[in-house]
Amino acid sequence: MSDIAAEGAFAAPRSRRVKDLIAVNFGNTLEWFDWTIYTIFAPYFALQFFPSADKSAALLAALAVFAAGFLTRPLGGFLFGLYADRVGRKKSLTLAMFITAGGSLVIAFAPTFAMVGLLASVILLVARLAQGIAHGGEMGTSVTYLVERAPRHRRALYGSTSWMSVVLGTMIATVTGLLLNATLGRPALESWGWRIPFVLGGLLGFYGLYLRRKLTETDSFAKVQAQSAKTATGLGPLLRNWRGVAVVFGLSAGGSIMFYTWLIYSPTFAQISRGLDSKSALTASLIAQAVFFVAIPIVGWLADRFGRRIFIILFGLGFIAATLQLDGLITNSFSGLLTAMICALLILACLFGVNTAVWAEVFPTSVRATGVSGPLSLATAIFGGTAPYVNTYLSQTGEHRLFLFYLMFVAGITLLTGLLIPETRDLDLDRPDTGRLSNPSAAT
């Protein structure tokens with residue numbers, strides 16, 4: 001047996017597995033802190049990189065760069081997924097952390113338009129594209145690692161911790177925004193204060209890199225490595241598992257657009273479109289995120305007992321029925337945004353408590369990281385990354401209601417996915433690659 005197999009995840013002491021769980025989620029937290037601070041501080045640094053007499057035009061340009069970062073996510077998803085399936089989840093996660101941390105430091109010390117002209121905008125764009133590549137592989141590989149490490153009857157719960165780390169990253173970013181707003185004021189933030197969170201994210205990212213270098217490989221990957229001569233990896237076997245690809249894409253479409261609409265962008269939307277002050281918006285967001293943080297593992301625990309499909313269906317039906325009402329709650333009041341965000345994030349928790357487990361369960365080990373990372377990052381690029389820009393654009397043209405119907409349509413895609421897929425709770429992660437989603441009775 002290979003050295004990797006000898007160091008398999010379940011052969012390691014429980015304390016080692018706990019440390020690995022923390023290391024993966026700590027790194028994930030930092031990556032999403034880096035990703036979220038961009039949207040929080042975009043209204044402050046937009047004019048630094050895109051000077052304009054119209055602040056809204058500058059903000060749209062900054063959000064376009066945010067969306068551009070998603071263009072490279074599908075590429076990163078497939079590249080990092082292939083890398084993780086060939087050489088290991090640990091190496092893929094470590095490389096993703098390095099690129100993300102480096103990108104944050106580049107943004108932190110980037111020259112402004114007043115200093116170097118158009119080159120400033122180019123530097124910002126390149127840094128975001130690089131981070132997009134890293135994020136494309138980060139989520140899929142980290143989910144794969146966590147679910148493969150989990151006991152069979154706790155896969156949804158373990159997988160849901162990945163989303164908890166995402167929410168923790170956004171919460172820390174929100175707290176950072178509140179603190180800097182309270183201590184510096186808008187003129188200082190627009191001049192230089194916006195750089196502080198990017199410096200912090202970059203430096204902490206390199207500590208996350210240190211933690212990830214100590215990860216052990218998963219038992220599932222070790223088995224594949226031990227049978228490498230008999231196991232095919234790459235795009236060919238992935239295409240044979242096209243049903244799994246469709247499932248990941250369908251679940252990710254609704255999840256990503258709701259995540260970026262309600263958790264990431266709604267505080268900014270409340271400020272620029274509904275007139276809510278920044279302190280109230282960020283405070284409401286922080287409270288709602290705390291509720292979301294608690295709800296996700298509860299759904300994961302329930303899904304390990306009662307199955308995944310029911311929660312996917314609840315997510316789809318919930319957003320189709322409630323999107324118009326939730327948007328109507330967002331006014332220039334603190335309570336309105338808080339209520340809307342809590343309700344929306346509780347519905348979103350129904351999906352986020354189960355989707356990580358389903359993503360991993362629909363693929364065999366040899367193509368799991370690629371199968372999760374590729375379709376996930378593609379759906380996120382199409383639906384999630386463009387959500388803030390589309391929302392802002394349609395709102396400024398007086399067609400905001402069209403965006404709400406768009407949200408409901410995408411929720412319908414995820415609902416249809418939940419209605420069509422088999423229950424995956426009892427599928428064997430180490431089953432042979434048949435190119436099909438076997439029913440549970442055949443897989444156990």
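Reply: Arg155 is buried, with a relative accessible area of 3%. Buried means under 20% relative accessible area, exposed means over 50%, and partly exposed lies in between (1.4 Å probe, protein chains only). This is a predicted model, in which local features need pLDDT of at least 70 and side-chain atom pairs count only at pLDDT 80 or more, while totals for chains, interfaces and linings use all residues. Residues are numbered from 1 along each chain as its sequence is written, and side-chain values use heavy atoms, with hydrogens and water left out.

The side chain of Arg155 forms a salt bridge with that of Glu361, at 3.0 Å from N to O. Arg155 belongs to helix α8 (residues 155-183) and Glu361 to helix α17 (residues 355-361), so the bridge ties together parts that are 206 residues apart in sequence. Glu361 is also buried, at 0% relative accessibility. A salt bridge here is a side-chain nitrogen of Lys or Arg within 4 Å of a carboxyl oxygen of Asp or Glu. Helices (H or I, at least four residues) and strands (E, at least two) are DSSP runs, numbered from the N terminus. The whole structure has 14 salt bridges.

Next come the aromatic rings. There are 22 aromatic pairs. In one of them, Trp163 and Phe259 have ring centres 5.9 Å apart and planes at 45°, so the pair is tilted. Trp163 lies in helix α8 and Phe259 in helix α13, so this pair ties together parts that are 96 residues apart in sequence. Both Trp163 and Phe259 are buried. The rule is that rings of Phe, Tyr and Trp (its six-membered ring) pair if their centres lie within 6.5 Å; planes under 30 degrees apart count as stacked, over 60 as edge-to-face, and the rest as tilted. Ring pairs also link Trp163 and Phe259 into a cluster with Trp32, Tyr260, Phe292, Phe352 and Trp359.

Phe259 is also among the residues with the most contacts inside the largest nonpolar core, which has 106 residues. Helix α13 (residues 242-274) gives the most to this core, with 14 residues. Such a core is a set of buried Ala, Val, Leu, Ile, Met, Phe, Trp, Tyr and Cys residues joined through side-chain atoms within 4.5 Å. Leaving aside residues up to four places away in sequence, Phe259 touches several others, including Val166, Thr170, Ile264 and Leu348. Contact means heavy atoms within 4.5 Å.

Arg274 pairs with Asp327, and their closest N and O atoms are 3.3 Å apart. Arg274 lies in helix α13 and Asp327 in helix α15 (residues 309-329), so the bridge ties together parts that are 53 residues apart in sequence. Arg274 is partly exposed at 24% relative accessibility, whereas Asp327 is buried at 8%.

Phe315 and Phe319 are 4 residues apart in helix α15, about one helical turn. An α-helix has 3.6 residues a turn, so residues three or four places apart point the same way. Phe315 is buried, at 0% relative accessibility, and Phe319 is buried with a relative accessible area of 0%. Phe319 is named, with Phe259, among the residues with the most contacts inside the largest nonpolar core.
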